[in-house]
Amino acid sequence: MDSRYYASLLIHMMNDGTVFLLPSVLPLIVLQYGFSYATAGYISAIIPLCLGVFQTPIGRISDRFSNAFLLRIGILIVSAGALLGGLVPQLLIPSLFLIGTGGSFYHPVGYAFTAKIIKNSSSGTVLGIQSSSGDIGTLIAFLTAGPIAIFAGWRAVFVAWGIACAVALAISSFVLRGERSSGETSKPTSLSMLRKREAVLIMILFALLGAVYRILSTFIPSIFFLQGASITTADYISAIFIGAGIVGGIVGGRLVDRFEGRTVAASLFAISTAALFALYLLPSIFISAFLIAIFGMVICGLYPAFYFLMRLVTSVKIVGTSYGLLLSLGMLSGIVSVTAGGYIMDISPPMIFIFAGSLTALGVLISLIMPKMNGKK
């Protein structure tokens, strides 16, 4: 496999671990500052806001300029934001804007980079591994955040990840040195393919997916913390969700390589719906951990499936733009879901599962009206 691909995976791990770091320590921040979960919802929406606003234009830029250079710029900004938040807690809000801005680079640029340097019959699987690499970073964040926070406070968690991002920048810069050509085109390409019915439906489905993933990844630690679990236990439950998602990302990529896209999407959304409603009805922490693992596996399997299907219905020449648009829609819907989730948390935390389950049920219906798209080569 191309060494540039592995460098991209390393950046993805550090990028997503930092971008999704806030939920792992959110209960401690709420306790320290004494604000409501409604306010916490607004704070948690800062990073998705940046991702929603910037990923589409950055994706468009990635279709014209060096992907390797843009990847390094993004992780540099993420590193700076994490260090600022940890070292100067009074500037936590600006630091989240920095993390969100820097984090906007990886997904449209990184997936476009992969689409351009890896071209074979198992590209769905390659995208699945890439999707899971980000989940590995998030898993590490949740596994380490609790112990670090107990030992040195939540600020130390941000500092540690800021340093880790800087190390990833140094390693990837060595691997990608001299890399300039990938991602460059001579002139902009028409975006008319994004108006195709298949592309529009994929965008709608991705927006639903982003809303569901963001609200659960943000509030799972808080839900169990409020039910009496320690911050470490609550983070470990989230780690189960993320760890299952790592497997799900790879499986989802393989499924879309082998089976018809509409069937894959509808099936995974349906399983997600069943798991979410069961989480509401069966509050036992052991049963919940099992159901969260199932949900994490199937919901994360949808990401590489939609990346692959979007490339099928558009073109590699605008892959950065199309992925950026997908990701922006997913993050903007995430802002709405996280903001609504903050109010739901103040009323009844388990209702988060009902809210998310309603969105995945809608995903099943929309998937069934999507034209058939066969990912088999």
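**View 1. The largest cavity has a volume of about 250 Å³**. This is a predicted model, where local features need pLDDT of at least 70, side-chain atom pairs count only at pLDDT 80 or more, and totals for chains, interfaces and linings use all residues. Residues are numbered from 1 along each chain as its sequence is written, and side-chain values use heavy atoms, leaving out hydrogens and water. A cavity is a set of points on a 1 Å grid over the protein atoms alone where a 1.4 Å probe fits but cannot get out, and lining residues have an atom within 4 Å of a point. Here 18 residues form the lining, and D16, F20, H107, Y213 and Y303 lie nearest the centre. Helix α9 gives the largest share, four residues; helices are DSSP runs (H or I, at least four residues), numbered from the N terminus.

**View 2. The second largest cavity holds about 50 Å³ of space**. Look for its lining residues: V19, L22, P23, S44, I47, R214 and T218.

**View 3. Helices α5 (residues 67-87) and α6 (residues 92-117) pack together**. Axes are lines fitted to C-alpha atoms, for helices over the stretch in contact. Contact means heavy atoms within 4.5 Å, and among the residues making it are G74 and G81 of α5 and G103 and G110 of α6.

Conventions. Axes are lines fitted to C-alpha atoms, for helices over the stretch in contact, and angles run from 0 to 180 degrees between N-to-C directions. Helices (H or I, at least four residues) and strands (E, at least two) are DSSP runs, numbered from the N terminus. On a 1 Å grid over the protein atoms alone, a cavity is a set of points where a 1.4 Å probe fits but cannot get out, and a pocket is an open set with protein on both sides within 12 Å along at least five of seven lines; lining residues have an atom within 4 Å of a point. Grid points are joined across faces, edges and corners, and a volume is the space filled by probe spheres set on the points.
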